[in-house]
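Please read the points below with the sequence and the model side by side.

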Amino acid sequence: VADPGARSVHARRSVIIGMAIFIPLCVVVAVGAPLLLHLLGRQYAIQGTPVLRFVAAAVPFAAVNVLYLTLARVVRRVRRSVMTQVVSSVLVNGLTLLLVKGDGVAGVGFAFLTGQAIISIVVGPSLIRQYRSLGRPGGGVGNDSAVLGL
């Protein structure tokens, strides 16, 4: 943030490092969920495996959302950042209320995955435009005020 010229380098590095770490980790957690949770007990593994798998599947969507929120904060678009978080909370909590009665704790995990996916689909196109503009002369975070719009 302090060095606008380095924003593109930092943003690209963050995306590359994030993908290199989180994608394999999500696969390991999703596949190994029953074994990992079995360490806490058989019943815990039975109840928790679907939730952990839903959360692992939500991580890539959550990463898109975090990157969007980070770029919004960098360019001081506080309202967009807050609105994104409010909508995400309403989605996840609303879906949780609908799903928890029928699906139990797995419904909570599915609500989280669905909420993160919906938000990332909405903010994704503007985030892609923002990311692509980083490599262009005169491009970069904050040079196009419409790019971060919801």
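1. The model is predicted: local features need pLDDT of at least 70, side-chain atom pairs count only at pLDDT 80 or more, and totals for chains, interfaces and linings use all residues. Residues are numbered from 1 along each chain as its sequence is written, and side-chain values use heavy atoms, with hydrogens and water left out.

2. The largest nonpolar core consists of 7 residues: Leu67, Tyr68, Leu69, Leu71, Ile119, Val123 and Leu127. Such a core is a set of buried Ala, Val, Leu, Ile, Met, Phe, Trp, Tyr and Cys residues joined through side-chain atoms within 4.5 Å; buried means under 20% relative accessible area, exposed over 50%, and partly exposed in between (1.4 Å probe, protein chains only). Helix H2 (42-74) and helix H4 (105-133) each give two or more residues to this core, and H2 provides the largest share, 4 residues. Helices are DSSP runs (H or I, at least four residues), numbered from the N terminus.

3. The axes of helix H3 (residues 78-103) and H4 come within 7 Å and cross at roughly 150°. Axes are lines fitted to C-alpha atoms over the stretch in contact, and angles run from 0 to 180 degrees between N-to-C directions. H3 and H4 are therefore roughly antiparallel to each other (angles over 145 degrees).

4. The whole structure contains 1 aromatic pair (ring centres within 6.5 Å). The ring centres of phenylalanine 54 and phenylalanine 110 lie 5.4 Å apart with planes at 70°, so the pair is edge-to-face (planes over 60 degrees apart). Phenylalanine 54 belongs to helix H2 and phenylalanine 110 to helix H4, 56 residues apart. Phenylalanine 54 is partly exposed at 24% relative accessibility, as is phenylalanine 110 at 39%.

Notes
Parallel < 35°, antiparallel > 145°, perpendicular 65-115°, else oblique. Phe/Tyr/Trp six-rings, centres within 6.5 Å; stacked < 30°, edge-to-face > 60°.
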